[in-house]
Amino acid sequence: MSKIVVNTPNGTIGRKVSEALLDAGATLTVLSRTADKVAPLAARGATVVEGSLDDAAALKAAFAGADSLLWITPPTIRPDFHAWAVDSAKQAAALAREAGIANVVVLSSVGAHTGPGTGPVGVLLAVEDAFRAAIPHVTVLRPGLFMENFFRDAGTLTQLGKIFSPIPADKKVPMVATDDIAAVATRALLDPRPGHAVLGVHGPEDLTYAEAAALLAEAWGRPVEYVQVRVEDARQGMIGAGFPAFAADLYAEMYQAFVDGRMDQAEPRTAETTTSTSLMSFFRRALVPALAGASA
């Protein structure tokens, strides 16, 4: 069994992949700023290297003897986010090559193919390219919108029965559960593809936000309305909620890219890109119980 490194074991997808790899009997190394946060993984046999993903010494220690790597760019929004994310990926790619790692799975996003100008997604094409330039076998995963993003709407849902977003109400987008993304990533690590590949991860169907609101109303048993707002209104709302201006600007840029079509998926929907968890099942299993807890 190969030795696999996960660089973000505390994130939603990184933790799920780490647990699945241990379930499969893989030899796992995880990189974490603090060992306490990954103690459950260590208890199951994972090797823990303390350090950040931009720490060269920590990366060298984690990569030693490894065959495969899962690289996820965390949403560490900071004023220098673009330079930091790309420079960290370039350093990691070079160190992975030096360590003899031949297989890398890169978590990217729909819209990454358009490059800069798409907010946090705008860094990901350069991240993909950094690994493709250094590693012989790279599988890039470009998932759709996370179903878990609806948790962010819990406040307006419980108070107003509404979801607010700048994404056009009639624009169909792929929505996918993070469980399914993690499953695809785990398979790509355990059974690597030869060469370079880009794989969409699209969920079972493309949906509009208006359709999603109707599904949630059915699952929740309460009226739900989707309200499209202006990008600038969303930016001001983020600042009002305490976001730094640079972070609000970055997410506003992403929302504008949705409006302009630059966040549309480049990969066609196929049987391989279609995953099983439906939005209705996600709502019933995860979101509705969370909303019940929020309103209790």
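The structure is a predicted model, in which local features need pLDDT of at least 70 and side-chain atom pairs count only at pLDDT 80 or more, while totals for chains, interfaces and linings use all residues. Residues are numbered from 1 along each chain as its sequence is written, and side-chain values use heavy atoms, with hydrogens and water left out.

## Overall build

The protein has eleven helices and twelve strands; these are DSSP runs numbered from the N terminus, with helices (H or I) of at least four residues and strands (E) of at least two. Its C-alpha atoms fill a box of roughly 55 × 40 × 35 Å along the principal axes. The radius of gyration is 19 Å, which agrees with the value near 19 Å for a compact globule of 296 residues. That radius is taken over C-alpha atoms, and the globule rule is 2.2 Å times the number of residues to the power 0.38.

Of the 296 residues, 52% count as buried. Buried means under 20% relative accessible area, exposed means over 50%, and partly exposed lies in between (1.4 Å probe, protein chains only). The protein exposes about 12,400 Å², of which carbon and sulfur atoms supply 54%; accessible areas come from the Shrake-Rupley method with a 1.4 Å probe, and for residues only the protein chains shown count as cover.

A contact means heavy atoms within 4.5 Å. Among contacts between residues at least 6 apart in sequence, 75% join residues at least 24 apart.

## Nonpolar cores

A nonpolar core is a set of buried Ala, Val, Leu, Ile, Met, Phe, Trp, Tyr and Cys residues joined through side-chain atoms within 4.5 Å. The largest one has 73 residues, and Phe63, Phe131 and Leu216 touch the most other members. Helix H4 (residues 81–99) gives the largest share of this core, nine residues. Apart from it lies another core of 26 residues, among them Ile13, Leu22, Leu70 and Leu189.

Not counting residues up to four places away in sequence, Phe63 touches Val5, Leu69, Ala92, Leu95, Ala96, Ala99 and Ile101.

| Residue | Relative accessible area |
|---|---|
| Valine 110 | 2% |
| Tyrosine 226 | 10% |
| Threonine 277 | 14% |

Valine 110 is found in the loop between strand S5 (103–107) and helix H5 (124–134). Leaving aside neighbours within four places in sequence, valine 110 is in contact with Val121, Arg142, Pro143, Gly144, Leu145, Pro174, Met263 and Gln265. Its C-alpha atom and that of tryptophan 84, 26 residues apart along the chain, are separated by 21 Å.

Tyrosine 226 lies in strand S12 (residues 225–228). Its contacts, leaving aside neighbours within four places in sequence, include Ile163, Pro166, Tyr209 and Ala213. The C-alpha atoms of tyrosine 226 and leucine 125, 101 residues apart along the chain, are separated by 31 Å.

Threonine 277 lies in the loop between helix H10 (245–260) and helix H11 (279–295). Not counting residues up to four places away in sequence, threonine 277 touches Met147, Ala177, Asp180, Pro204, Phe282 and Arg285. Between the C-alpha atoms of threonine 277 and glycine 161, 116 residues apart along the chain, the separation is 24 Å.
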